[in-house]
Amino acid sequence: MYRFYGWETADIRDEWGLTPRDYYDLLSGIWSADTCAPRMRPDWSADNPTLGQCSVTAFLVQDLYGGRVLGVPLGDGNYHCFNVVSDCAFDLTSEQFGDRKLDYANCPEQRREVHFAKAEKRERYAVLRQRLLKALSDREASV
């Protein structure tokens, strides 16, 4: 059973036939402290692998499916990123909030240029992307 926001309706498929649930499974094995936002790294653990992974994950998923990356305002000046593709909204990293319910309505669009203005975020994205491509390659080799 999945617990990320939108998992029930995340039935869209990319060019390889994979759904967001498939990517959640793949990413669960590659999210790590070094792909976590630096300010959250002290709290990152394998028990909460989605912590601090939202923007790099959302923009990586946008590369796969297109669509838009939106951000839930967190009240501290930061945004929690998630994906909307056509009428399918999903947030592969929502579990980091535990039982806290986020308001996914009327969220502003997040721009890659703004998020990737930080070199550390571009680097984390590149690491996550490289790991995902390897996981996809390994998956294909085993099928």
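Modeller: In this predicted model, the 18 positive and 22 negative charges of the protein chain have mean positions 4 Å apart. The protein chain exposes about 7800 Å², and carbon and sulfur atoms supply 48% of that area. Of its 143 residues, 47% count as buried.

The secondary structure comprises four helices and three strands, which follow one another from the N terminus as α-α-β-β-β-α-α. The radius of gyration is 14 Å, close to the 15 Å that the globule rule gives for 143 residues, so the protein chain is as compact as a globular protein of that length.

Within the chain, the largest nonpolar core has 29 residues, and Tyr 23, Leu 27, Tyr 65, Phe 90, Leu 92, Leu 128 and Leu 132 are those with the most contacts inside it. Two or more residues each are given to this core by α1, α2, β2, β3 and α4, with α2 providing the largest share, eight residues. Beyond its neighbours up to four places away in sequence, Tyr 65 touches several residues, among them Ile 12, Pro 20, Tyr 23, Val 85 and Phe 90. A second, separate core of eight residues includes Phe 82, Val 84, Phe 97 and Cys 107.

Leaving aside neighbours within four places in sequence, Ser 32 is in contact with Trp 44, Gln 53 and Arg 131. Its C-alpha atom is separated by 8.5 Å from that of Thr 50, 18 residues apart along the chain.

Terms used: Residues are numbered from 1 along each chain as its sequence is written. This is a predicted model: local features need pLDDT of at least 70, side-chain atom pairs count only at pLDDT 80 or more; totals for chains, interfaces and linings use all residues. Side-chain values use heavy atoms; hydrogens and water are left out. Contact means heavy atoms within 4.5 Å. A nonpolar core is a set of buried Ala, Val, Leu, Ile, Met, Phe, Trp, Tyr and Cys residues joined through side-chain atoms within 4.5 Å. Buried means under 20% relative accessible area, exposed over 50%, partly exposed in between (1.4 Å probe, protein chains only). The radius of gyration is taken over C-alpha atoms; the globule rule is 2.2 Å times the number of residues to the power 0.38. Accessible areas come from the Shrake-Rupley method with a 1.4 Å probe; for residues, only the protein chains shown count as cover. Lys and Arg count as positive and Asp and Glu as negative; His and the chain ends are not counted. The place of a charge is taken as NZ of Lys, CZ of Arg, CG of Asp or CD of Glu.
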